[in-house]
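User: Could you take me through this structure? I would like to begin with one of the loops and then move on to the overall fold.

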Amino acid sequence: QVQLVESGGGMVQAGGSLRLSCAASGGTFRSATMAWFRQAPGKERESVTAITWNWNDNSKYYADSVKGRFTISRDNAKTTVYLQMNSLKPEDTAVYYCALSSQVYGSSWYRDAGYAYWGQGTQVTVSS
């Protein structure tokens, strides 16, 4: 079965940067969407960003709260995505989860119900 493993979380001061990674295994995907979600204590899980690829295309999507600060990218040789987080703010503190879907969602990328596979999460803590 498909498994996702996140890494790269940690503690950073406001204004700093972190780079997360998510490695998928156990499946082959000609087309897929991989996304990052996050959940802070006492809050609902929210979408952060996603990347969709198929035979000849890849598209990126960002939540308004992270646009211009976060960048999602993909290793073309692996089913692996990265999340470069710059200009971090205390409100970015959360557990970050990687998710995978074999479908291309396009404008529906932010709906977590569409993702069948999830990682265990990695903690990101931003101090003020």
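This is a predicted model: local features need pLDDT of at least 70, side-chain atom pairs count only at pLDDT 80 or more; totals for chains, interfaces and linings use all residues.

User: Understood. Is Ser87 buried, exposed or partly exposed?

Analyst: Ser87 has a relative accessible area of 40%, so it counts as partly exposed. Its place is the loop between strand E8 (80-85) and E9.

User: Let us turn to the whole chain. How many helices and strands does the protein have?

Analyst: The protein has 0 helices and 11 strands. Read from the N terminus, the order of elements is β-β-β-β-β-β-β-β-β-β-β.

User: Why call the protein as compact as a globular protein of that length?

Analyst: The radius of gyration is 14 Å, and the globule rule gives 14 Å for 128 residues; because the two values are close, the protein is described as being as compact as a globular protein of that length. Along the principal axes, the C-alpha atoms fill a box of roughly 40 × 25 × 25 Å.

User: What share of the residues is buried?

Analyst: Of the 128 residues, 41% count as buried. As for contacts with a separation of 6 or more, 59% are accounted for by residues 24 or more positions apart.

User: Now the sheet. What is the strand order in the open sheet of 4 strands?

Analyst: The order is E1-E3-E8-E7, and the pairing is antiparallel. Strand E1 (3-7) and strand E7 (70-75) are the edge strands, each pairing on one side only. On average, neighbouring strands of this sheet are turned by 15° against each other, direction ignored.

User: How many bridges join E1 to E3?

Analyst: There are 5 bridges between E1 and strand E3 (residues 18-25), and the two run antiparallel. Within this pairing, Leu4 stands opposite Ala24 in E3, and Val5 is opposite Ala23 in E3.

User: Which residues of E1 are on its covered face, and which on the uncovered one?

Analyst: Leu4 and Glu6 make up the covered face of E1, whereas Gln3, Val5 and Ser7 are on the uncovered face.

User: What does Gly121 touch, leaving aside residues up to four places away in sequence?

Analyst: With those set aside, Gly121 touches Glu6, Val95, Tyr96 and Tyr97. Gly121 is found in the loop between E10 and strand E11 (122-127), and its relative accessibility of 26% makes it partly exposed. The C-alpha atoms of Gly121 and Cys22 are separated by 9.6 Å, although these residues are 99 apart along the chain.

User: On to the rings. How many aromatic pairs are there in the whole structure?

Analyst: The search finds 5 aromatic pairs. One of them, Phe37 with Trp118, is tilted, with 5.0 Å centre to centre and 50° between the planes. This pair links distant parts of the chain, since Phe37 belongs to strand E4 (residues 32-39) and Trp118 to strand E10 (residues 117-118), 81 residues apart.

User: How accessible is Phe37, and how accessible is Trp118?

Analyst: Phe37 has a relative accessible area of 1% and is therefore buried, whereas Trp118 is at 26% and so counts as partly exposed.

User: Why is the pair of Tyr61 and Trp109 called stacked?

Analyst: The planes of Tyr61 and Trp109 are at 20° and the ring centres are 6.2 Å apart, so the pair is stacked; the cut-off for stacking is planes under 30 degrees apart. Tyr61 lies in strand E6 (residues 58-62) and Trp109 in the loop between strand E9 (94-101) and E10, with 48 residues separating them. Tyr61 is partly exposed at 22%, while Trp109 is buried at 7%.

User: Returning to Trp118, which aromatic cluster does Trp118 form part of, and what lies over the face of Trp118?

Analyst: Trp118 forms one aromatic cluster with Phe37 and Tyr115. Arg45 lies over the face of Trp118, at 4.1 Å from the ring centre.

Key:
Residues are numbered from 1 along each chain as its sequence is written. Side-chain values use heavy atoms; hydrogens and water are left out. Two strands pair if DSSP finds at least two bridges between them. Axes are lines fitted to C-alpha atoms, for helices over the stretch in contact, and angles run from 0 to 180 degrees between N-to-C directions. Rings of Phe, Tyr and Trp (its six-membered ring) pair if their centres lie within 6.5 Å; planes under 30 degrees apart count as stacked, over 60 as edge-to-face and the rest as tilted. Buried means under 20% relative accessible area, exposed over 50%, partly exposed in between (1.4 Å probe, protein chains only). A charge sits over a ring if NZ of Lys or CZ of Arg is within 6 Å of the ring centre and within 35 degrees of the ring normal. The radius of gyration is taken over C-alpha atoms; the globule rule is 2.2 Å times the number of residues to the power 0.38. Contact means heavy atoms within 4.5 Å.
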